[in-house]
Amino acid sequence: MADSSRPDPAAPGEHPGTGPPGGAARLFRRRPRRGSRRGPRSARRTALLVTAWTAAGILLLGGTGAAYLYVKLNGNLSSVDIDHVLGGDRPEKSANGSRNILVLGSDTRSGANRDLGGGGDDGTARSDTAMVVHVRAGHERADVVSIPRDTLVDRPACTGQDGAEHPAARGVMFNSAYATGGAVCAVKTVETLSGLRMDHYLEINFRGFQRIVDDLGGVRITTTADIHDPDSHLDLKAGTHTLDGARALGLVRTRHGVGDGSDLGRIQLQQAFVRALLDRIDDIGLLTSPKKLYDLADTATSSVTTDSGLGSVNALMSFADGLKDIGPRGLSLLTLPVGYDPADRNRVLIQPEKARQVWDALRADRPVPRGATEGTATGEARGVVGAERGE
C-alpha cells in the first residue's frame with residue numbers, strides 16, 4: 001500500500017515523498033498577505049507542532065515576563081526517563097547522524113479525557129496513533145511510518161515506568177504494549193519490531209488534541225462522502241465543514257464511518273486531517289499574534305509527555321531547530337506493510353519481507369523502496385477527507 005503521491009526526486013523508483021504526516025508538523029513562517037504571491041510550499045519548515053509553538057511563543061513574547069512564561073511552560077511538561085529504565089538492552093544509536101522518534105496519541109479514558117474517549121474508563125490507556133518518525137542524516141528529509149494499533153505483534157518482556165515487570169506475550173495487539181507498561185513498553189516493542197533505536201518519544205492525549213484545534217479556531221475540511229459513526233460521536237454530510245476540537249477528535253478516531261471499518265482507514269483520515277490542520281496554521285498567521293502563540297504553547301506543553309531528553313523547553317527548541325530544513329517534498333509518509341488477518345478482519349498481520357525492507361531502508365538511512373508498500377492492505381478511505389483552503 002503506497003500512501004504517498006509525489007515522486008522522490010533523489011531516488012527514482014523508490015518510495016515517493018508526501019505532505020506532512022499525522023502527529024508531525026513544521027516550524028512556523030510568516031504568512032504572505034492576502035493578494036501577495038505565495039512562496040513555494042517547500043519553504044515550509046517541518047517539526048513537531050508542540051516544539052514549534054513552544055519555541056516561537058517564548059521567542060516572540062520577550063521582555064521581563066518571558067522568564068515567568070518560560071518557567072510556566074517548562075513546568076507544564078511531563079517526561080519519562082526511558083533510557084534509564086531500558087538500560088543497555090536495546091539497539092545501538094545510529095552512527096550516521098539520523099534520528100528516530102516514536103510519536104504516540106494516547107486514548108486514556110481517565111480524568112478529563114473520560115468524555116472524549118468514546119468508551120468507559122477501564123483504568124488503562126492505549127496508543128490510539130503510533131508513528132515512527134525517521135529524520136535522515138543532514139536533517140533535510142524524513143520518513144514517517146504509521147503502525148496500525150490493531151497489528152498483531154509479539155510483545156517483549158518489559159519493565160513499566162512504575163517499575164512493574166511485564167512478561168512477554170505472543171500475538172497481541174500492538175497498542176497493548178502501551179496499555180501494559182506505558183511509554184517504556186511501547187518504545188521497547190517498537191525497537192524489537194523494527195531493530196531501530198528510538199532516540200526520542202512524544203505522546204499527546206485526547207484533551208490536548210481537542211484544545212489545540214479549538215485554540216486554532218477550528219479546522220476546515222471537505223469530505224467526499226457522508227461520515228456517520230455514533231461510537232466517535234461524528235455525523236458529517238459530504239461537503240465542507242469547519243470542525244471544532246470535539247468533531248476533529250471524532251474524525252481522527254472514527255474507524256466505522258468510512259472505508260472498510262479497519263484501523264488502516266482511520267490512519268488515512270488522520271493523515272488527511274493533519275494536512276488540513278497545517279494549512280489552518282498557515283492561514284491564521286500565528287507569528288503576528290504572540291498571545292495566540294503562547295496560548296498554543298501552553299496547551300501543547302500541558303498535553304504532551306516526552307522522553308527525558310525532550311523534557312524541557314530548551315530541549316524542544318533545540319530539537320525543532322534541527323528539523324527546520326525539512327519541507328513537504330522532503331517527507332515520505334507510509335503505513336507499515338500489513339495484510340488483514342484471515343481469522344479476524346479487525347486485526348492485521350505484518351508482511352515480514354515488506355516490513356523488513358522498510359526497517360532496513362531506515363536503518364541504512366535511504367528511501368523506502370516503492371515495492372515495500374505495494375500490494376498491502378489499504379483502509380479504502382483515501383480521498384474521503386481533504387483540506388479546504390480559505391483562499
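Figure 1. S146 belongs to strand β4, which covers residues 142-146; strands here are DSSP runs of E with at least two residues, helices are runs of H or I with at least four, and both are numbered from the N terminus. The model is predicted, so local features need pLDDT of at least 70 and side-chain atom pairs count only at pLDDT 80 or more, while totals for chains, interfaces and linings use all residues. Residues are numbered from 1 along each chain as its sequence is written, and side-chain values use heavy atoms, with hydrogens and water left out. With a relative accessible area of 5%, S146 is buried (buried means under 20% relative accessible area, exposed over 50%, and partly exposed in between, with a 1.4 Å probe and protein chains only). Leaving out residues up to four places away in sequence, S146 touches A130, M131, I267, Q271, L334, T335 and L336; contact means heavy atoms within 4.5 Å.

**Figure 2. The loop between β3 and β4 at H139.** H139 lies in the loop that links β3 and β4. Its relative accessibility is 24%, so H139 counts as partly exposed. The phi angle of H139 is near 55°, a positive value in a residue other than glycine. Most residues other than glycine have a negative phi.

**Figure 3. D365 and R366 in the loop between α10 and β18.** D365 is placed in the loop between α10 and β18 (385-387), and R366 is in the loop between α10 and β18 as well. D365 has a phi near 60°, a positive value in a residue other than glycine. At 17% relative accessibility D365 counts as buried, whereas R366, at 35%, counts as partly exposed. R366 touches R136, D360 and A361, not counting residues up to four places away in sequence. R366 and R136 are 230 residues apart along the chain, and their C-alpha atoms are separated by 7.8 Å.

**Figure 4. The largest nonpolar core and Y201.** A nonpolar core is a set of buried Ala, Val, Leu, Ile, Met, Phe, Trp, Tyr and Cys residues joined through side-chain atoms within 4.5 Å. The largest such core has 29 residues, of which I82, L102, Y201 and W359 touch the most other members. Two or more residues of this core come from each of α3 (82-86), β2 (99-106), β3 (127-135), α4 (176-194) and α10 (352-363). The largest share, six residues, is given by α4. Y201 is in contact with I82, I101, L102, L104, Y178, A183, V187, T305, T306, D307 and L310, leaving aside neighbours within four places in sequence. A second, separate core has 23 residues, including V219, I221, L236 and V258.

**Figure 5. Packing of helix α5 against helix α6.** Helix α5 (residues 206-215) and helix α6 (residues 245-253) pack at an angle of about 125°, and their axes are 8 Å apart. This makes α5 oblique to α6. Axes are lines fitted to C-alpha atoms, for helices over the stretch in contact, and angles run from 0 to 180 degrees between N-to-C directions. Angles under 35 degrees count as roughly parallel, over 145 as roughly antiparallel, 65 to 115 as roughly perpendicular and the rest as oblique. On α5 the contact is made by F206, F209, Q210, V213 and D214, and on α6 by G245, A246, A248, L249, V252 and R253. The contact of α5 with α6 has seven nonpolar, two polar and two charged residues; Ala, Val, Leu, Ile, Met, Phe, Trp, Tyr, Cys and Pro count as nonpolar, Asp, Glu, Lys and Arg as charged, and the others, Gly among them, as polar.

**Figure 6. Packing of helix α5 against helix α8.** The axes of α5 and helix α8 (residues 290-303) come within 9 Å and cross at roughly 170°. The two helices, α5 and α8, are therefore roughly antiparallel to each other. G208, R211, I212 and D215 of α5 meet D295, L296, T299, A300, S302 and S303 of α8. By class, this contact of α5 with α8 has three nonpolar, four polar and three charged residues.

**Figure 7. N76 in helix α2.** N76 is found in helix α2, residues 65-76, and is buried at a relative accessible area of 18%. N76 touches D298, T301 and S302, not counting residues up to four places away in sequence. N76 and T301 are 225 residues apart in sequence and 5.4 Å apart in space, C-alpha to C-alpha.
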